[in-house]
Amino acid sequence: MLAPAVDLLARLAGGGRALELGIGTGRVALPLARRGVPVHGIDLSRAMVARLRTKPGAETINVTIGDFATTRVDGAFSLVYLVFNTISNLTTQDEQVACFQNVAAHLAPGGCFLIEVGVPELRKLPPGQHVLPFHVSPTKFSFDIYDFAIQAMSSNYVEVVNGRGEYTSIPFRYVWPAELDLMARIAGLRLRDRWEDWTKEPFTAESRRHVSVWEKSVSS
Ligand SMILES: C[S@@+](CC[C@H](N)C(=O)[O-])C[C@H]1O[C@@H](n2cnc3c(N)ncnc32)[C@H](O)[C@@H]1O
């Protein structure tokens, strides 16, 4: 369901430039660029960007290789966006705060920062537990591990290949909507909208994710 996301991002860009943090293979950036929005991307992974470069329309998109918490790109943007839970790839609070400050430095006055991210799923954990299995099959076992003391989690995957288990672990920092609002405020941004999804369903206590938009004041 990419169309509502691209519609909303195009509206927020409002005729200006957009910057995607963690652009990856261009899943969102390419259709947004096809809508006439000039898109620039930042990504750490040369391999992901190489895949983007194989796709039609990629020649219209400039990408800077670097860490989106600190990498600067020339010019001002009317929209910066960070989707698909990618804020959680920054595994410390300091890095997440730095990301908001970096975004604010890229935004033109009145510009917007949009994040799409899940609400931490702590309520799904069995009482007293910190491990949450989310996929169990004869050849695959996947589970999240939470460390509440440092607001960290990891997604872990065990796959049986030729009778042996192969293990992969990806670290994340889970973050609540209210903490993101505080990070935005530290960076000089204010919450403008928060929805449950791209179609602007209301965000409620039962929402499992949110699409949030913070704004830089027109007078900054
Ligand atoms: C889950 S993928 C999402 C890609 C794309 N935004 C999408 O929605 O399809 C996350 C991307 O963020 C990149 N990434 C993760 N942490 C990063 C960081 N600190 N700085 C730059 N890129 C990062 C990864 O290399 C990957 O391409």
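Visitor: Which residues does Gln 96 touch, not counting residues up to four places away in sequence?
Guide: Gln 96 touches Ile 87, Ser 88, Leu 90, Arg 173, Val 175 and Met 183, where contact means heavy atoms within 4.5 Å. This is a predicted model, in which local features need pLDDT of at least 70 and side-chain atom pairs count only at pLDDT 80 or more, while totals for chains, interfaces and linings use all residues. Residues are numbered from 1 along each chain as its sequence is written, and side-chain values use heavy atoms, with hydrogens and water left out.

Visitor: Is Gln 96 buried or exposed?
Guide: Gln 96 is buried, with a relative accessible area of 0%. Buried means under 20% relative accessible area, exposed over 50%, and partly exposed in between (1.4 Å probe, protein chains only).

Visitor: Which helix is Gln 96 in?
Guide: Gln 96 sits in helix α4, residues 93-106. Helices (H or I, at least four residues) and strands (E, at least two) are DSSP runs, numbered from the N terminus.

Visitor: And where is Met 183?
Guide: Met 183 is in helix α5, residues 177-186. Met 183 counts as buried, at 2% relative accessibility. Leaving out residues up to four places away in sequence, Met 183 touches Gln 93, Gln 96, Val 97, Phe 100, Arg 173 and Val 175.

Visitor: Switching to the ligand. How many residues surround it, and which are the closest?
Guide: The ligand has 17 residues around it, the closest being Glu 20, Gly 22, Arg 27, Asp 43 and Phe 68. A residue counts as near if one of its heavy atoms lies within 4 Å.

Visitor: What is 2.7 Å from a nitrogen atom of the ligand?
Guide: An N or O atom in the side chain of Glu 20 is 2.7 Å from a ligand nitrogen. A polar backbone atom of Gly 22 is also 2.7 Å from a nitrogen atom of the ligand. For Asp 67, a polar side-chain atom lies 3.0 Å from a ligand nitrogen.

Visitor: How much of the ligand does the protein bury?
Guide: The protein buries 85% of the 590 Å² that the ligand exposes when taken alone. Accessible areas come from the Shrake-Rupley method with a 1.4 Å probe; for residues, only the protein chains shown count as cover.

Visitor: Which residues have the most contacts inside the largest nonpolar core?
Guide: They are Leu 9, Leu 32, Leu 79, Tyr 81, Leu 114 and Trp 198, in a core of 30 residues. Such a core is a set of buried Ala, Val, Leu, Ile, Met, Phe, Trp, Tyr and Cys residues joined through side-chain atoms within 4.5 Å.

Visitor: Which element gives the largest share of this core?
Guide: That is α1, with 7 residues.

Methods
A polar contact is a pair of N or O atoms within 3.5 Å; within protein, one must be able to donate a hydrogen and the other to accept it, and residues adjacent in sequence count only if both atoms are side-chain atoms.
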